[in-house]
Amino acid sequence: MKLPRFSRKTLGIPYAVFLVFFVIIPMLVIVFYAFTTGVKDPETGAESFSFSFSNFLRFFSDPTKLSTIVYSLVIALVTTVCCLLIAYPVAYILARSRLKKKFVILMLFVLPMWINFVLRVNALREIFNLLSLAPALESLTSANYFKTIFGMVYDFLPFMILPLYTTIMKIDQSLYEASADLGGSALVTFTRVTLPLSMPGIMSGVTMVFLPSMTNYVVSDMLGNAKVTIIGKFIYEYFGNDWHMGSMVALVLLVVVFLSSWLSGGFKADENVRGTNL
Amino acid sequence: MKSNLLVRCLKAGFVGLILLLLYAPILLLAVYSFNSVDNIGGWGDLSLVHYQKLFGDPVILSMIGNTVLLAVVAAALSTVLGTAGALGMYYCKKRLKTTMQLMNQIPVVNAEIVTALALTITFVAVGIGKSWFTLIIGHMVICTPFVVLSVIPKLKQMDGSLYEAALDLGASPFKALMKIVLPQIIPGVISGFMLAITLSLDDYIVTVYTRPTGFETISTYVFNATMKGNAHTAKTLSSFWALTTIIFVIIVLFVVISNLAGRRNKEESR
């Protein structure tokens, strides 16, 4: 057999194979596990699968699970809104300032991202320990929620600032002038020009923050005294004993991700959400 | 004019305040890493005791070594695979290209825990035990898509006719690729590699699910030490202050040096 002639296209084959084996097939395995239940044969140890929806029914009929999901969504929502409220002014001020060194200031916002994420959360934990409010207050569960949300905002803020900064930078300066010439006040210019044009940045920042704040249980465990449960933690808990349920939760998250990226047009496949290609 | 000044002060104040909040925890740890007390809030003498603890603890040193080794290996493999993948993807037919780009995007948008669970179940289902192999595959799955995303824009900027010219002048396709294409996309390859390193260094979730037993990285070790501290880890908590400070200083130095080098390059090319 003759080997195919070397061409640039063949270079893609190893990665295509890699993607099929370690991305596509695992996703299909998740779907398979989510829709089956397994019975282990006590003698051979082999698992026999049967198709069923019982994982879904079991999960969504459990009131404690449902309330955790609601809590988790609220935490993620509050985190995302806080990030947006802090990041938008920062990105806007930096992008529109005439400072020559604004890139340095932007770097200052990104720099903490390169410190190991668990070490960063640990630093915050030490601060909270130092500040540890009155013991009575500390024992409140709401304190745990506050700390979790604070920690998530602290950790995910750069992911919001970067896409916002890049989109606001791209807005044509003359549009502001045009708006002013046509009699638009500063407020009108902002709501009718800047805000609509920075929507893509807002969307990609929101997806970058919302998803981890539903699933990254490191922050909620370390700062919430392990009393705050988020959706990602379910998968961890099921991982020890029931993969079918775990896969089901994963599948739900998968569907949420795909819907939100599809809605926000996040499947522009060449978009680098980490935005480090500044 | 006066209100203008006020607005500028407010703007600067806001940005400064957020920066202060971002850096306060890290700077506090940095200050305390040079103090002799074991818990933040007290105040003792200037001392390097936490650094001694850090460098005197073989368990901690080995987990730092693990983290760095894993990051370098995973990032290097991801960079090779991703760069080749980006080239192949860029030059193939439209439909195949879109499919590849969509597949590439899955680990990027997906929650890390879903990626981790899916991989682990698959490994167990086909009977691959957790080992260095599974760990590195796990890290490659999260790193490689970002390498591809860093390289593709450089390919788009490149002048395609140079490659054709090299072929016309008698270069083999492989030689043309190495001598003509690679030098032009190398900035993207390097930034992809750096991104892969930082993603791997930072990772907790994929590591926890795919690692061989007993393997610890900075992320897993610090998480365990703070969450379910035993006698050994409780004593090491304050050495993390020293570790955080060292990493912080390395990063600051790296950023400053690369900025200075970048500026010099720009001036030379002028």
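## Chain A at a glance

In chain A, 72% of the contacts with a separation of 6 or more are between residues 24 or more positions apart. This is a predicted model, and the secondary structure of its chain A comes to 13 helices and 2 strands. Chain A has 278 residues, of which 42% count as buried.

Let's look at confidence before going into detail. The model as a whole scores ipTM 0.86 and pTM 0.87. For chain A the mean pLDDT is 83, with 87% of its residues at 70 or more. Chain B has a mean pLDDT of 88, and 94% of its residues reach 70 or more.

In chain A, helix 1 (residues 13–34) has the highest mean, 93, while helix 6 (residues 135–138) has the lowest, 61. Among the elements of chain B, the highest mean pLDDT belongs to helix 6, at 94, and the lowest to helix 11 (residues 231–236), at 64.

## Where the two chains meet

The contact between the chains takes 72 residues from chain A and 72 residues from chain B. On the chain B side, the elements that give two or more residues include helix 3 (58–91), helix 6 (132–157), helix 8 (173–202) and helix 12 (239–269). Helix 1 of chain B gives the most to this side, with 11 residues. By class, the side of chain B that touches chain A has 54 nonpolar, 15 polar and 3 charged residues.

## A helix pair across the chains

Here is one pairing to find in your viewer. Helix 1 of chain A packs with helix 3 of chain B at an angle of about 110 degrees, and their axes are 7 Å apart. That angle makes helix 1 of chain A roughly perpendicular to helix 3 of chain B.

From helix 1 of chain A come A:I13, A:P14, A:Y15 and A:F18, which meet B:L81, B:G82, B:A84, B:G85 and B:G88 in helix 3 of chain B. The residues of this contact divide into 6 nonpolar, 3 polar and no charged.

## The nonpolar core

The largest nonpolar core has 140 residues. Those with the most contacts inside this core come from both chains: A:M160, A:I161 and A:A250, together with B:L117 and B:A196.

Leaving aside residues up to four places away in sequence, A:A250 touches A:I30 and A:I235 in its own chain, and B:V114, B:L117 and B:A118 in chain B.

Helix 10 of chain B is largely enclosed by the rest of the structure, because 8 of its 10 residues are buried. The buried residues are B:I218, B:S219, B:T220, B:Y221, B:V222, B:F223, B:A225 and B:T226.

Not counting residues up to four places away in sequence, B:V255 touches A:M107 and A:L111. B:V255 and B:L19 lie 236 residues apart in sequence, and their C-alpha atoms are 17 Å apart in space.

Conventions. Residues are numbered from 1 along each chain as its sequence is written. Chains are lettered from A and ligands numbered from 1 in the order in which they are written. This is a predicted model: local features need pLDDT of at least 70, side-chain atom pairs count only at pLDDT 80 or more; totals for chains, interfaces and linings use all residues. A nonpolar core is a set of buried Ala, Val, Leu, Ile, Met, Phe, Trp, Tyr and Cys residues joined through C-beta atoms within 7 Å. A residue is buried if 20 or more other C-beta atoms lie within 10 Å of its own, exposed if 12 or fewer, and partly exposed in between; C-beta atoms are placed from the backbone. Two residues are in contact if their C-beta atoms, placed from the backbone, lie within 7 Å. pLDDT is the predictor's confidence in each residue, from 0 to 100. Helices (H or I, at least four residues) and strands (E, at least two) are DSSP runs, numbered from the N terminus. Ala, Val, Leu, Ile, Met, Phe, Trp, Tyr, Cys and Pro count as nonpolar, Asp, Glu, Lys and Arg as charged, and the others, Gly among them, as polar. Axes are lines fitted to C-alpha atoms, for helices over the stretch in contact, and angles run from 0 to 180 degrees between N-to-C directions. Angles under 35 degrees count as roughly parallel, over 145 as roughly antiparallel, 65 to 115 as roughly perpendicular and the rest as oblique.
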